[in-house]
Amino acid sequence: MAGKITTLLVFLILAGCSVLPHILYKIDVQQGNVVTDEMLDKLKQDMTKSQVRFVLGSPLIVDAFRDDRWDYVYIQREKGDLVEQKRLTIYFKDDRLMQFENQMLYSLHPLVPAAPKTEKIIDKEMETFSEGEQ
């Protein structure tokens, strides 16, 4: 009887992967859109949606209620742990690229330590407004 209970207990512990996370093999997973720095350099204001789609590919998320926003999301996991998470959000106005936000978020234990950074392009009206004040 004690042997059966011990065997059952061992199987339950081994079945719960969260109990022994780094002993069991877990595959490396990359999901979403891969957006490189070269692709981001090609983005220019006033590009059409089809030009943006040609440069970056189809977005992972297109909001059905707001067709003026596209989201490109990328997640990388190694051995089950979140290593890297990136999100690129593109905003359109009258089917033209107005601004984009590039957020690179890292997990608590990244492979290469780096601080989160955000890049933004401000629309032309703001640039001309600030030039007019000077």
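**Pocket, core and loop geometry in a predicted model**

The lining of the largest pocket is made up of eight nonpolar, three polar and three charged residues. The structure is a predicted model. In this model the largest pocket has a volume of about 170 Å³. Its lining comprises 14 residues, of which Val34, Val35, Thr36, Lys86 and Asn102 are the closest to the pocket centre. Two or more lining residues come from each of helix H2 (37-42), strand S3 (69-78), strand S4 (81-93) and strand S5 (96-106).

The largest nonpolar core has 15 residues. Within this core, the most contacts are made by Leu43, Val52, Leu56, Tyr72, Leu88 and Ile90. The elements H2, H3, S3, S4 and S5 each give two or more residues to the core. When neighbours within four places in sequence are left aside, Leu88 is in contact with Val35, Leu40, Leu56, Trp70, Asp71, Tyr72, Phe100, Glu101 and Asn102. Of these contacts of Leu88, Val35 and Asn102 are also among the residues closest to the centre of the largest pocket, while Leu56 and Tyr72 are among the core residues with the most contacts.

Helix H1 (residues 2-15) contains 14 residues, which at 1.5 Å a residue should span 20 Å; the end C-alpha atoms are 20 Å apart, in agreement with that value. The number of buried residues in H1 is zero, so the helix lies largely in the open.

The loop between H1 and strand S1 (29-32) contains Asp28. With a relative accessibility of 53%, Asp28 counts as exposed, because the cut-off for that class is over 50%. Residues up to four places away in sequence not being counted, Asp28 touches Arg77, Glu78 and Lys79. Asp28 and Leu82 are separated by 54 residues in sequence, and their C-alpha atoms are 9.9 Å apart in space.

Backbone torsions were also considered. Most residues other than glycine have a negative phi. Asp46 has a positive phi, near 70 degrees, and is not a glycine. Asp46 is placed in the loop between H2 and helix H3 (49-56). The relative accessible area of Asp46 is 31%, and the residue is therefore partly exposed, as this value lies between the limits of 20% and 50%. Asp94, also a residue other than glycine, has a positive phi of about 55 degrees. Asp94 is found in the loop between S4 and S5. At a relative accessible area of 70%, Asp94 is exposed.

Note on methods
Residues numbered from 1 in each chain as written. Predicted model: local features only at pLDDT ≥ 70, side-chain atom pairs only at ≥ 80, totals over all residues. Heavy atoms only, no water. 1 Å grid on protein atoms, 1.4 Å probe; cavity = no way out; pocket = protein on both sides within 12 Å on 5 of 7 lines; lining within 4 Å. Points joined across faces, edges and corners; volume = space filled by probe spheres on them. Helix = DSSP H or I, 4+ residues; strand = E, 2+ residues; numbered from the N terminus. Nonpolar A, V, L, I, M, F, W, Y, C, P; charged D, E, K, R; others polar. Buried < 20%, exposed > 50% of the residue type's maximum accessible area, 1.4 Å probe, protein only. Core = buried A, V, L, I, M, F, W, Y, C linked by side-chain atoms within 4.5 Å. Contact = heavy atoms within 4.5 Å. Expected span 1.5 Å × (residues − 1).
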